[in-house]
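Please keep the view open while you read, and take the points in order.

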Amino acid sequence: CLIYIYIQKIYIMKILKTFEELSIDIPSEIEYEKSVQYNKIEYTFLMYGFEFKVYFKKNYFYVEDSIYKFGNYPDDSDLICDYWTRDFETSENGFDTLNISNTSSLKIFGYVNKITEDFINEYSPSILQILHISQSRYRINKLFLDKLNIKFYKFIKRENFRFPNNPITLIFKENLYEYIDKYNKQH
């Protein structure tokens, strides 16, 4: 009976240690390099011996023949606002090749979301789209998005009709809610 209690105690301590290590925090300050081009802003940071890039690409949100669209702005349509996409990658072929722990992955997500916060606060995009590669990545990212220090923005989850297992997050200025709602209803 004492051995069973001892084993349970060790198991519970391991669980508590795991939860302590897996904190969802956005760092207050990080080091990165930034490159600004015409319609792309790229941030680069080093972590765990790898180079990571977070980049934002500019497009537009517009109405063409009463249909709300995202993409390159055609001359014969009505422009609503700017629209940006966020993506990130590493110098490796993909994140699958990185041999890092869950704690390290969360630190990387913390850095990516700090860069997202800095981008939003500096460039004030009207809409920012984040494509997630899975439902679990969306759930992790949502924990960070809830902690972003951005004012006058909302975010919503959208289903990705092309790739149903890859949800989309739209972060947008609060005054654009009516347009986002119209866009969501037509799709």
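1. Let us begin at a loop: Gln37 is placed between strand E1 (33-36) and strand E2 (40-47). Strands here are DSSP runs of E with at least two residues, helices are runs of H or I with at least four, and both are numbered from the N terminus. Gln37 counts as partly exposed because its relative accessibility is 46%; buried means under 20% relative accessible area, exposed over 50%, and partly exposed in between (1.4 Å probe, protein chains only). Lys57 is 20 residues from Gln37 along the chain, and their C-alpha atoms are separated by 9.5 Å.

2. A word on the basis of these notes. The model is predicted, so local features need pLDDT of at least 70 and side-chain atom pairs count only at pLDDT 80 or more, while totals for chains, interfaces and linings use all residues. Residues are numbered from 1 along each chain as its sequence is written, and side-chain values use heavy atoms, with hydrogens and water left out.

3. Now the overall picture. The protein has 4 helices and 8 strands, arranged along the sequence as α-β-β-β-β-β-α-β-α-β-β-α. It has 187 residues, of which 39% count as buried. For contacts (heavy atoms within 4.5 Å), 61% of those between residues at least 6 apart in sequence join residues at least 24 apart.

4. Next, the aromatic rings. A search of the whole structure finds 16 aromatic pairs. Rings of Phe, Tyr and Trp (its six-membered ring) pair if their centres lie within 6.5 Å; planes under 30 degrees apart count as stacked, over 60 as edge-to-face and the rest as tilted. Phe45 and Phe52 are stacked, because their ring centres are 5.2 Å apart and their planes are at 15°. Phe45 is buried, at 2% relative accessible area, and Phe52 is buried too, at 1%.

5. Compare Phe119 and Tyr123, a tilted pair with 5.4 Å centre to centre and 35° between the planes. Both lie in helix H2 (residues 102-123), 4 residues apart, or about one turn of the helix. Is each one buried or exposed? Phe119 counts as buried, at 0% relative accessibility, whereas Tyr123 is partly exposed, at 29%.

6. Finally, look for charges over rings (NZ of Lys or CZ of Arg within 6 Å of the ring centre and within 35 degrees of the ring normal). The charged end of Lys40 sits over the ring of Tyr55, 4.9 Å from its centre. Lys154 has its charged end over the ring of Tyr177, 5.3 Å from the centre.
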